[in-house]
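Open the model in your viewer and keep the selection panel at hand. The tour starts at one residue and then widens to the interface around it.

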Amino acid sequence: MRTGTVENSISGITQNVFAMLLGIRMARSDGFAFAAGRPTTTGVVTISGGWCGAITVTVDGRTGRRIAAHMFGTSLERATDGEVNDAIGEVANMIGGNFKSRLAQPALLSLPTVAHGTGCTVSVPGSREVGRFGFESAGNRAIVTVVDHDWKRGGR
Amino acid sequence: MRIMIVDDSKAMRMIVMRTLRQAALGEHTYLEAENGVQALALLEKSEPDLILCDWNMPELNGIELLKRLEAAGRKVKFGFVTSEADPEMKKLAIAHGALFLISKPFTVETFQAALQPLMSGPIAPGSPR
């Protein structure tokens, strides 16, 4: 799968999810990195079919709380870690589900998995990064990563 | 209407309820289930007018829940609210009696378009868009 095609798909889907669901207009931005020593939350879904791979959605602590607060109808201060995990898992599910719908069918979408912590990295053994796409708006930051998994390369 | 919302994400169940309120389609009472197994258990002691169901869930997913309701002859209006909405899934859902399939993310207008026809009596599977 070509990186340019993936970038167009992921950009459109991610901006749509943030705008429609959360009322946040995210712009593409690759000019930031998450601060070292600060916690992040990553939601992951995998796709299996003619194309095999995974989509990860990583947000910093502030963005995660803002998303959870919006989805749960609560304040930033009251959003719990569990609510942040639920919300980011659902965002990953939506981005992955919409991406899956653009692939050749049949394809299977996994349930989301969420990792939260400081210095936390998520990897899919045997996969290769297709693209890493940053999004930013008024202090909200998210990075969506697409990896593919080619069985012929020897991945499990 | 009594509306059952079946989704493993509590955040999404809350968003669906909020969207229903914003759609201003009347007063509703809500039942919640996290997956198809919980929904079946809840259906033994309640009779919702409508089930709004996610597709991809642990234990028993949405299409399997719909098939079980169909096999049991349970007549309840059923629609999917899912992040996966490819034509094959839509065809399968309609074949088993689903009335509509709403894609996540959605708008209030999407809910109004799908649910408004349900407020005025029985309709054929797949008819509202």
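Contact here means heavy atoms within 4.5 Å. The model you are viewing is predicted.

**Stop 1: one asparagine.** Select A:Asn98. This residue sits in helix H3 of chain A, residues 81-101. Show its neighbours. Leaving out residues up to four places away in sequence, A:Asn98 touches A:Ile13, B:Ser83, B:Lys104 and B:Pro105.

**Stop 2: its polar partners.** A polar atom of the A:Asn98 side chain lies 2.9 Å from the backbone oxygen of B:Lys104.

**Stop 3: the lysine side chain.** Stay on B:Lys104 and select A:Glu90. Their side chains form a salt bridge, 2.9 Å from N to O. Between chain A and chain B the count is three salt bridges. The polar contacts between these chains come to 13 residue pairs, both residues at pLDDT 80 or more.

**Stop 4: the helices of chain A.** Colour H1 (3-22), H2 (61-72) and H3. Each supplies at least two residues of the side of chain A that touches chain B. H3 of chain A gives the most, with nine residues. By type, that side of chain A divides into nine nonpolar, nine polar and three charged residues.

**Stop 5: the whole interface.** Show both chains. In chain A, 21 residues are in contact with 21 residues of chain B. About 1800 Å² is buried between the two chains, and carbon and sulfur atoms give 57% of that area. Finish by selecting A:Met20, A:Phe72 and A:Leu111. In chain A these lose the most area to chain B, together 28% of what that side buries.

Terms used. Residues are numbered from 1 along each chain as its sequence is written. Chains are lettered from A and ligands numbered from 1 in the order in which they are written. This is a predicted model: local features need pLDDT of at least 70, side-chain atom pairs count only at pLDDT 80 or more; totals for chains, interfaces and linings use all residues. Side-chain values use heavy atoms; hydrogens and water are left out. Helices (H or I, at least four residues) and strands (E, at least two) are DSSP runs, numbered from the N terminus. A polar contact is a pair of N or O atoms within 3.5 Å; within protein, one must be able to donate a hydrogen and the other to accept it, and residues adjacent in sequence count only if both atoms are side-chain atoms. Buried area is the accessible area (1.4 Å probe) that two parts lose on being put together, summed over both. A salt bridge is a side-chain nitrogen of Lys or Arg within 4 Å of a carboxyl oxygen of Asp or Glu. Ala, Val, Leu, Ile, Met, Phe, Trp, Tyr, Cys and Pro count as nonpolar, Asp, Glu, Lys and Arg as charged, and the others, Gly among them, as polar.
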